[in-house]
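Dear colleague,

Please find the structure we spoke about below, together with its sequence. Could you look through it with the notes that follow at hand?

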Amino acid sequence: MVASAFLPELWTEILIPVCAVVGIVFSLFQWFIVSRVKVSGDQGASSSSGGAKNGYGDYLIEEEEGVNDQSVVAKCAEIQTAISEGATSFLFTEYRYVGVFMVFFAAIIFVFLGSVEGFSTESKPCTYDDTKTCKPALATAAFSTIAFILGAVTSVLSGFLGMKIATYANARTTLEARKGVGKAFIVAFRSGAVMGFLLAASGLLVLYITINVFKIYYGDDWEGLFEAITGYGLGGSSMALFGRVGGGIYTKAADVGADLVGKIERNIPEDDPRNPAVIADNVGDNVGDIAGMGSDLFGSYAEASCAALVVASISSFGINHDFTAMCYPLLISSMGILVCLITTLFATDFFEIKAVKEIEPALKNQLIISTAIMTVGIAVVSWVGLPSSFTIFNFGTQKVVQNWQLFLCVCVGLWAGLIIGFVTEYYTSNAYSPVQDVADSCRTGAATNVIFGLALGYKSVIIPIFAIAISIFVSFSFAAMYGVAVAALGMLSTIATGLAIDAYGPISDNAGGIAEMAGMSHRIRERTDALDAAGNTTAAIGKGFAIGSAALVSLALFGAFVSRAGVHTVDVLTPKVIIGLLVGAMLPYWFSAMTMKSVGSAALEMVEEVRRQFNTIPGLMEGTAKPDYATCVKISTDASIKEMIPPGCLVMLTPLIVGFFFGVETLSGVLAGSLVSGVQIAISASNTGGAWDNAKKYIEAGVSEHAKSLGPKGSEPHKAAVIGDTIGDPLKDTSGPSLNILIKLMAVESLVFAPFFATHGGILFKYL
């Protein structure tokens with residue numbers, strides 16, 4: 001008999017939901033503090049009593065310039081409302097379409113999985129131990145469908161609440177910038193923390209409740225229970241795909257249209273209120289970078305947890321019904337919430353930002369502090385939550401593992417995430433030579449800028465791939481596929497902090513846009529630009545984390561799928577597998593082509609509309625007439641809703657078609673091929689786009705002598721940088737981030753449908 005975990009089962013059942021509730025309460029507390037910055041005409045309201053560190057009692061340092069004018073505050077409130085209404089309207093439209101898909105796909109899950117045993121209600125021998133009886137396939141079909149809907153709804157809510165928080169905070173960040181850059185930073189960061197903790201805690205709580213409710217029916221059949229739970233990960237990721245693609249097309253169509261006509265043709269500043277696409281651009285930041293990213297990371301977390309739970313259920317944890325050890329992945333996430341809570345206080349309470357140069361180090365320190373404390377946290381969880389020795393399922397055999405080995409598996413994922421984050425920062429921050437070289441290449445025009453940017457993106461893949469490869473080797477050597485799954489969870493364990501610094505970027509970007517549109521002084525715009533530049537880099541770091549974790553999650557899901565489908569070896573020398581590899585490696589290119597073309601055609605329409613308004617509305621350039629913002633918002637909305645469907649169908653239907661017609665071996669090849677090529681393209685696309693964006697900002701800021709020699713705004717090098725930035729927009733915000741969902745989603749979908757493919761799959765090869 002294998003020893004049980006040190007932590008009693010009762011304590012586990014209390015600790016996990018308590019940590020989740022603490023996370024939710026902390027996020028509400030952060031929201032309450034942000035809400036004390038008033039966006040209204042009530043002058044006294046914005047200086048309500050409160051700690052001096054949070055700035056409520058501070059005087060406005062811009063007062064002498066008349067910036068404390070009530071009309072400016074009212075203007076900020078008006079712009080904030082327009083952005084919030086635009087984002088809400090788009091998401092409701094998107095969710096209506098996605099809701100129809102969700103119902104349709106839930107029916108497919110039920111029918112396909114129910115048909116495995118001919119819709120029988122009889123108990124069946126268990127897949128991995130035929131001496132025991134398990135619940136019927138029909139039950140797995142029903143519960144997988146329920147889990148899918150729960151995952152989808154949680155994912156949608158994660159994205160929607162994130163967007164609401166961001167649109168609530170953007171004008172407040174602008175108004176706090178009147179008191180100094182430190183005050184604005186704290187509001188933007190606190191708002192990001194609201195989203196981070198709400199998402200991490202609600203994802204954990206819903207998963208934990210779902211497991212316990214399902215357990216009432218399944219009883220001792222843990223194999224069936226955790227097989228049904230995989231639907232939760234599928235629901236989360238399928239919604240994330242539509243959120244990422246739809247939001248990405250929306251934001252980049254508006255961004256490219258606004259930049260090409262506004263900056264290059266009309267030579268007006270970014271976020272100038274005369275630009276008809278400016279509201280659509282700011283709405284896009286919220287629906288793409290916030291709602292999309294929230295759903296994406298929620299999907300990664302749900303899938304990593306599901307992959308680990310499926311493998312654990314057929315290991316000694318599940319066989320011996322050791323609930324504490326079984327919940328090890330959830331205990332890691334619970335510890336992560338507490339660690340991130342402490343880490344957040346370093347940015348908001350323990351240290352105060354006083355100068356622009358302190359912003360980026362403060363955000364980087366969040367990553368370092370959370371990783372360092374989390375290492376200790378994982379050691380504690382591994383000691384109390386795991387037996388000293390246990391066995392892990394390893395493709396048909398049981399591998400003996402020690403608890404210290406599992407601790408190292410989680411740590412290798414955690415630290416690989418930090419390495420990927422810092423490499424991403426090195427290649428995308430304008431403080432370092434790679435981006436400065438790209439900016440310098442703008443001297444000779446847009447062509448050399450594009451060449452340098454592409455080269456930078458390709459080069460930036462090298463170290464992250466080695467980090468992922470080492471993580472996979474170490475974790476698999478110690479604990480087989482379970483080790484890879486918990487390594488992915490290690491990378492995602494500090495998700496609350498990762499999301500906080502990621503959401504901070506679009507909030508700061510919006511704050512700068514509001515400052516420009518409200519006609520605030522150039523000094524306030526400089527502060528919001530400084531916040532935004534740091535946010536650009538942190539957004540790239542967030543994407544690096546998402547892609548790295550997606551690679552590990554996808555491999556863990558792949559391992560679980562191969563085990564469940566009864567494939568003992570995937571032999572690349574067999575034609576069934578090699579054709580799958582080739583097609584799988586092609587899919588990320590096909591998917592990227594679809595999303596890039598979608599952004600291009602939507603941007604084309606947007607450019608024509610912006611040009612039309614500048615040419616036909618008298619007094620628009622002079623600022624005496626108002627542009628028609630609504631038409632541009634409608635163009636982005638219509639384009640993104642229409643264009644998100646084909647890429648979504650490509651990803652969702654591929655595993656079903658391949659598994660049904662060609663069988664599990666070919667599908668194994670497709671999953672491996674898409675993982676290998678998708679990760680590379682995703683990293684290079686995200687980093688190329690991020691580098692072009694920050695090269696443009698480097699020239700615009702003109703801080704160093706080198707940057708001044710390339711500027712000012714409107715110079716030929718600056719125009720070349722803007723062209724690079726517009727090319728990079730769909731790469732870094734649409735195609736790149738969506739690819740990590742592609743590789744995860746195909747893997748989790750294959751795992752959910754594995755019983756169906758194992759029973760009915762490969763009909764072409766059966767009859768040929």
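This is a predicted model: local features need pLDDT of at least 70, side-chain atom pairs count only at pLDDT 80 or more; totals for chains, interfaces and linings use all residues.

Residues are numbered from 1 along each chain as its sequence is written, and side-chain values use heavy atoms, with hydrogens and water left out.

Aromatic rings

Rings of Phe, Tyr and Trp (its six-membered ring) are taken as a pair if their centres lie within 6.5 Å, and a pair is called stacked with planes under 30 degrees apart, edge-to-face over 60 and tilted for the rest. By this rule there are 31 aromatic pairs. One of them joins Phe-92 and Phe-160, a tilted pair with 5.4 Å from centre to centre and 40° between the planes. Phe-92 lies in helix H2 (residues 70–114) and Phe-160 in helix H3 (residues 137–176), so this pair ties together parts that are 68 residues apart in sequence; helices (H or I, at least four residues) and strands (E, at least two) are DSSP runs, numbered from the N terminus. For accessibility, buried means under 20% relative accessible area, exposed over 50%, and partly exposed in between (1.4 Å probe, protein chains only). On that scale Phe-92 is partly exposed at 47%, whereas Phe-160 is buried at 16%.

The rings of Phe-660 and Phe-756 are stacked, because their centres are 6.0 Å apart and their planes are at 15°. As Phe-660 lies in helix H19 (residues 645–662) and Phe-756 in helix H23 (residues 754–760), the pair ties together parts that are 96 residues apart in sequence. Phe-660 is partly exposed, at 28% relative accessible area, and Phe-756 is buried, at 6%. Both belong to a cluster linked by ring pairs, whose members also include Phe-101, Phe-105, Phe-112, Phe-148 and Phe-242.

A charge is said to sit over a ring if NZ of Lys or CZ of Arg is within 6 Å of the ring centre and within 35 degrees of the ring normal. The charged end of Arg-172 sits in this way over the ring of Tyr-168, 3.8 Å from its centre, and that of Lys-215 over the ring of Phe-323, 3.8 Å from the centre of that ring.

Pocket and cavity

On a 1 Å grid over the protein atoms alone, a cavity is a set of points where a 1.4 Å probe fits but cannot get out, and a pocket is an open set with protein on both sides within 12 Å along at least five of seven lines, with lining residues having an atom within 4 Å of a point. Grid points are joined across faces, edges and corners, and a volume is the space filled by probe spheres set on the points.

The largest pocket holds about 890 Å³ of space. It is lined by 31 residues, and those closest to its centre are Asp-529, Ala-530, Ala-533, Ala-701 and Val-703. Helix H16 (522–564) is among the helices that supply at least two residues of this lining, and its 8 residues are the largest share. The lining has 12 nonpolar, 6 polar and 13 charged residues, where Ala, Val, Leu, Ile, Met, Phe, Trp, Tyr, Cys and Pro count as nonpolar, Asp, Glu, Lys and Arg as charged, and the others, Gly among them, as polar.

Of the 32 residues that line the largest cavity, Asp-289, Asn-536, Asp-693, Lys-732 and Asp-733 lie nearest its centre, and by class the lining has 4 nonpolar, 8 polar and 20 charged residues. H5 and helix H15 (495–517) are among the helices that each supply at least two residues of this lining.

Helix H5 (residues 222–265) has 44 residues and reaches 63 Å from its first C-alpha to its last, close to the expected 64 Å, the expected span being 1.5 Å times one less than the number of residues. Just after H5, Asn-267 takes a positive phi of about 55°.

In H15, 22 of the 23 residues are buried, so this helix too is largely enclosed by the rest of the structure. Gly-519, which follows H15, has a positive phi near 75°.

Ala-480 has a positive phi near 50°, is found in helix H14 (residues 462–492) and is buried at 1% relative accessibility.

With best wishes
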